[in-house]
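Here is a short briefing for a first look at this model. Start with the strands, then turn to the helices and to the confidence scores.

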Amino acid sequence: MLFNQFAVSFQWMNIAGLPTHMAKIILLDPPTGAMLALMDGSVITELRTAAASAIATKHLASKDASILAILGSGVQARSHVTLLRLVRDFKEVQLWLYYRLCSIQQAVCL
């Protein structure tokens, strides 16, 4: 099986109530290149990214680390807090949010 993942981030989409991260995964047949499946990759991308952070935290972070700081508060923040708590017993979780309010027409300012 061959696969390719396409992921994009449109930070201004939250203003319109839409997801800011979108992904698709295409599964291909190696001998022919024929498409076998087209799957939504948003959840897979979210969990894979957080899982990689959790594995790195488990093996690289100080064993006595008790405060988790997350930069941002979107989809990735939620999945990171959930999975990182599986590898560490944090006494405190801090979310740092930088938010620049602008309209969709001004979205290039992000």
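**Strands, helices and confidence**

Leucine 27 sits opposite alanine 37 of β3. This is a predicted model. Its average pLDDT is 82. The points below cover the sheet, the helices and the confidence in turn.

**The sheet**

- Three strands make up an open sheet, in the order β1-β2-β3. Their pairing is antiparallel.
- β1 (2–9) and β3 (35–40) are the edge strands, and each of them pairs on one side only.
- On average, neighbouring strands of this sheet are turned by 15° against each other, with direction ignored.
- In a regular strand, side chains alternate between the two faces of the sheet.

**The β2 and β3 pair**

- Strand β2 covers residues 21–28. Five bridges join β2 to β3 in the antiparallel sense.
- Leucine 28 faces methionine 35 of β3 across the pairing.
- Which residue of the hairpin of β2 and β3 takes a positive phi? Glycine 33 does, with a value near 80°. The hairpin has six residues between the strands.

**The helix across the sheet**

- Helix α1 spans residues 42–60. α1 lies across β1, β2 and β3.
- Relative to β2, α1 runs at about 100°.

**The two helices**

- Two packed helices are described by the angle between their axes and the distance between the axes.
- Helix α2 spans residues 75–84. The axes of α1 and α2 come within 8 Å and cross at roughly 45°.
- That angle makes α1 oblique to α2.
- The crossing of α1 past α2 is right-handed.
- On the α1 side, the contact is made by Thr45, Glu46, Leu47, Thr49, Ala50, Ala51, Ser53, Ala54 and Thr57. On the α2 side, they meet Val75, Gln76, Ser79, His80, Leu83 and Leu84.
- By type, the residues of this contact of α1 with α2 are seven nonpolar, seven polar and one charged.

**Confidence**

- A pLDDT of at least 70 is reached by 87% of the residues.
- Residues 101–110 have a pLDDT below 50. Beyond near neighbours in sequence, this stretch has 12 contacts in the model.
- Where pLDDT is low, the predicted coordinates should not be read in detail.

Note on methods:
Residues numbered from 1 in each chain as written. Heavy atoms only, no water. Axes fitted to C-alpha atoms, helices over the stretch in contact; angles between N-to-C directions. Helix = DSSP H or I, 4+ residues; strand = E, 2+ residues; numbered from the N terminus. Parallel < 35°, antiparallel > 145°, perpendicular 65-115°, else oblique. Left-handed = near helix turned anticlockwise from the far one by under 90°. Contact = heavy atoms within 4.5 Å. Nonpolar A, V, L, I, M, F, W, Y, C, P; charged D, E, K, R; others polar. Pairing = 2+ DSSP bridges. pLDDT = per-residue confidence, 0-100.
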